[in-house]
Amino acid sequence: MDANVQWVFTSTFLLGLASGMIGSFALLKKQSLLGDAMAHAALPGVCLAFLLYKEKSLFLFFIGAALSGLLATFFIQQIVRFTRVKEDTAIGLVLSVFFGIGIVLLTFINQHSQGNQSGINDFLFGQAASLIESDVKMLSAVALTLIALIALFFKEFKLITFDPAFARGLGLPVSLLNGVLMFLIVAVVVTGLQAVGVVLMSALLITPALAARYWTEELGWMVVLAGLFGGLSGVIGTYLSTLATGMPTGPLIIVAATILFLFSFLFAPKRGLLSKAIRLHRLRCEHVLKQLYEQGRIEIEDYRYLKWLEKRGFVCKEQESWYLTEKGIKRVTRSQKNDISQTICRSEVSQ
């Protein structure tokens, strides 16, 4: 593996790491759709930067994308402020208009002789292989800066995310901190355009954070896990894109992130779908045992649990009737003792 390929893998890992960490706050503050708007609104800025300077420069593209994204944010805020249009509708409207303008400009560029050399097509779906060494170094530097800012302002971002009123009471500049967080969202979206593309960049911002949310209840661990999921998605997607010529990097990175999300959705120990199903099954079985112990009968919808309990020796069937075995009685009485102990502990704490 040559040095340039290693740089590309490093940059996509850092991009995924920064996107996942920042995306955690965007998800919890319900600003996911805003990230999508910023990504789509960046395209006309990229096209205008190329039309003005007539050459490919990732630095100039980033400036154009950032200015276009900030302009879109301004329009969204003004629409919500001076009209009765709700924020999600305003975001969808501005997103569509800016992306439409970007497609028109992109078509105009591609019809000229220099269009094929502009590299702007890579901004639609991303192509990490088109990054040159200077681009990779700049992307990595920006991603590291964003990660450092998240670490530096973590406590402040945590406060304004969950309790902005308390943060104001402590004297924190909540509006300024919200502006800094918005800047980080715009910055990570703009940074990832070349590698992931305008169409899918918002997915890299949110999907790792969604996956991490299934594994923990603590914000600190969520931010760390989201960053790791994002970084792993970036590495896997970039590797897959190198296996065949012309494969877009962005969709493959998002496919990798989606697989990690689906795995988390199904198998996370506390919030995963399979874990919840197992806990529900155990609770229903405990309910069946308790009903047999206290009333000698169960409800019709609970009969499907009896075979499972019979295989494990908790119940037995005699003359079309179900009874608790000695093992089942011990299980119920032990469960009741645990319930009584927990009730006593809770009452002592409340007193």
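Author: Happy to. Let's start with A195, which sits in helix α11 (residues 193–196). Keep in mind that this is a predicted model.

Reader: Why is A195 called buried?

Author: The cut-off for buried is under 20% relative accessible area. A195 has 1%, so it counts as buried.

Reader: Which residues does A195 touch, leaving out those up to four places away in sequence?

Author: Among them are T12, L15, F125, T249 and I253. I298 is another story: its C-alpha atom is 59 Å from that of A195, and the two residues are 103 apart along the chain.

Reader: What makes α12 and α14 roughly parallel?

Author: Helix α12 covers residues 201–213, helix α14 covers residues 249–267, and they pack at an angle of about 20 degrees. Angles under 35 degrees count as roughly parallel, and therefore this pair gets that name. Their axes are 8 Å apart, and the crossing of α12 and α14 is left-handed.

Reader: Which residues meet where α12 packs on α14?

Author: From α12 you have A203, L204, T207, L210 and A211. From α14 come I253, I254, A257, T258, L260, F261 and S264. Sorted by class, the residues of this contact are nine nonpolar, three polar and no charged.

Reader: And α2 with α12: how do you know what to call that pair?

Author: Helix α2 (residues 32–53) crosses α12 at roughly 155 degrees, and their axes come within 8 Å. Angles over 145 degrees count as roughly antiparallel, so α2 is roughly antiparallel to α12. The crossing of these two is right-handed.

Reader: Which residues make the contact between α2 and α12?

Author: α2 brings S32, G35, D36 and A39, while α12 brings M201, S202, L205 and I206. The classes here are four nonpolar, three polar and one charged.

Reader: Is S202 buried or exposed?

Author: Its relative accessible area is 12%. That is under the 20% cut-off, so S202 is buried. S202 belongs to helix α12 and touches G35 and D36, if you skip residues up to four places away in sequence.

Reader: Why does H287 count as partly exposed?

Author: H287 has 29% relative accessibility. Buried needs under 20% and exposed needs over 50%, so H287 counts as partly exposed. H287 lies in helix α15 (residues 273–294). Not counting residues up to four places away in sequence, H287 touches E299 and D302. V332 is 45 residues away from H287 in sequence, and their C-alpha atoms are 9.3 Å apart.

Reader: Where does pLDDT stay under 50?

Author: Over residues 340–351, and there the model has zero contacts beyond four places in sequence. The chain as a whole averages a pLDDT of 83, with 90% of the residues scoring at least 70.

How values were computed: Residues are numbered from 1 along each chain as its sequence is written. This is a predicted model: local features need pLDDT of at least 70, side-chain atom pairs count only at pLDDT 80 or more; totals for chains, interfaces and linings use all residues. Side-chain values use heavy atoms; hydrogens and water are left out. Axes are lines fitted to C-alpha atoms, for helices over the stretch in contact, and angles run from 0 to 180 degrees between N-to-C directions. Helices (H or I, at least four residues) and strands (E, at least two) are DSSP runs, numbered from the N terminus. Angles under 35 degrees count as roughly parallel, over 145 as roughly antiparallel, 65 to 115 as roughly perpendicular and the rest as oblique. A crossing is left-handed if the near helix is turned anticlockwise from the far one by less than a right angle, and right-handed if clockwise. Contact means heavy atoms within 4.5 Å. Ala, Val, Leu, Ile, Met, Phe, Trp, Tyr, Cys and Pro count as nonpolar, Asp, Glu, Lys and Arg as charged, and the others, Gly among them, as polar. pLDDT is the predictor's confidence in each residue, from 0 to 100. Buried means under 20% relative accessible area, exposed over 50%, partly exposed in between (1.4 Å probe, protein chains only).
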